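Trainee: I have a model on screen and would like to learn how to read it. Where do we start?

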Amino acid sequence: MSEHRTGVGWDVHRVAAGRPLVLGGVEIPAQFGLEGHSDADVLAHALTDALLGAAALGDIGEHFPNTDPRWAGASSLLFLRHALELIRQRGYRVVNVDANVILERPKLKDYRERIRQSLAQALELPLERVSVKFKTAEKLGPVGEGRAAEAQAVVTLAAG
Ligand code: C5P
Ligand code: MG
């Protein structure tokens, strides 16, 4: 059996008025968005870290410093694509990805298929290998109070 490797990623961004809410490359209609240097796509950031982690390639901030003007307002799918290139260069392919987005509002489940499709396209994976789940924080803590969004991701890679 070929070698399998697992990576985990996590990210958090503050909620802010006048910013877009981009999740997995999909802009979600909302009264607010997420603060950040790039498009603040918290889901793409967690997935990028999971990919990098699975191949022990450091983390997103090392590859894309948030002080670099090149990444100001950039689509975070670019970071995900770069991580995919790096793991491919090392002889790995993605088996599957799974993620959680924790955000009090808006309701995200109507956007699940669009987000999955966007990520599947970026990662060049069939849809059934891409999973995205949504949770509230039950009004607890900064996420529950509507002040932040979090994402968690797990990626499995296979050699060859
Ligand atoms: O957090 P909670 O368990 O109450 O979430 C119940 C369901 O609501 C989730 O399984 C998910 O399908 C949906 N949800 C959503 N958008 C969110 C949070 C949760 O669609 N922002
Ligand atoms: Mg981030």
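Predicted model: local features only at pLDDT ≥ 70, side-chain atom pairs only at ≥ 80, totals over all residues.

Trainee: Which residues are the protein donors of the magnesium ion (ligand 2)?

Mentor: Donors are N, O and S atoms within 2.8 Å of the metal (3.2 Å for Na, K and Ca); water is not among the atoms, so sites may look incomplete. Here they are Asp11 (OD), His13 (NE2) and His45 (ND1), 1.9 to 2.1 Å from the ion. Their sequence spacing is D-x1-H-x31-H. His13 sits in strand 1 (residues 4-16) and His45 in helix 1 (residues 42-54), 32 residues apart, so the pair links distant parts of the chain. Helices (H or I, at least four residues) and strands (E, at least two) are DSSP runs, numbered from the N terminus.

Trainee: Is His13 buried or exposed?

Mentor: Buried means under 20% relative accessible area, exposed over 50%, partly exposed in between (1.4 Å probe, protein chains only). His13 has 13% relative accessibility, so it counts as buried. His45 is buried too, at 9%.

Trainee: At what angle do helix 3 and helix 4 pack?

Mentor: Axes are lines fitted to C-alpha atoms, for helices over the stretch in contact, and angles run from 0 to 180 degrees between N-to-C directions. Helix 3 (residues 77-89) and helix 4 (residues 112-123) pack at about 40 degrees, with axes 9 Å apart. Under 35 degrees is roughly parallel, over 145 roughly antiparallel, 65 to 115 roughly perpendicular, and the rest oblique. Helix 3 and helix 4 are therefore oblique to each other.

Trainee: What does Ala99 contact?

Mentor: Contact means heavy atoms within 4.5 Å. Leaving aside neighbours within four places in sequence, Ala99 contacts Leu43, Ser131, Val132, Lys133, Gln152 and Ala153. Ala99 lies in strand 5 (residues 92-102) and is buried, at 3% relative accessibility.

Trainee: Which residues does a cis peptide bond join?

Mentor: Arg105 and Pro106, with omega about 0 degrees. Pro106 is in the loop between strand 5 and helix 4.

Trainee: What is the phi of Ala56?

Mentor: About 55 degrees, a positive value although Ala56 is not a glycine. Ala56 counts as exposed, at 59% relative accessibility.

Definitions and conventions
Residues numbered from 1 in each chain as written. Chains lettered and ligands numbered in written order. Heavy atoms only, no water.
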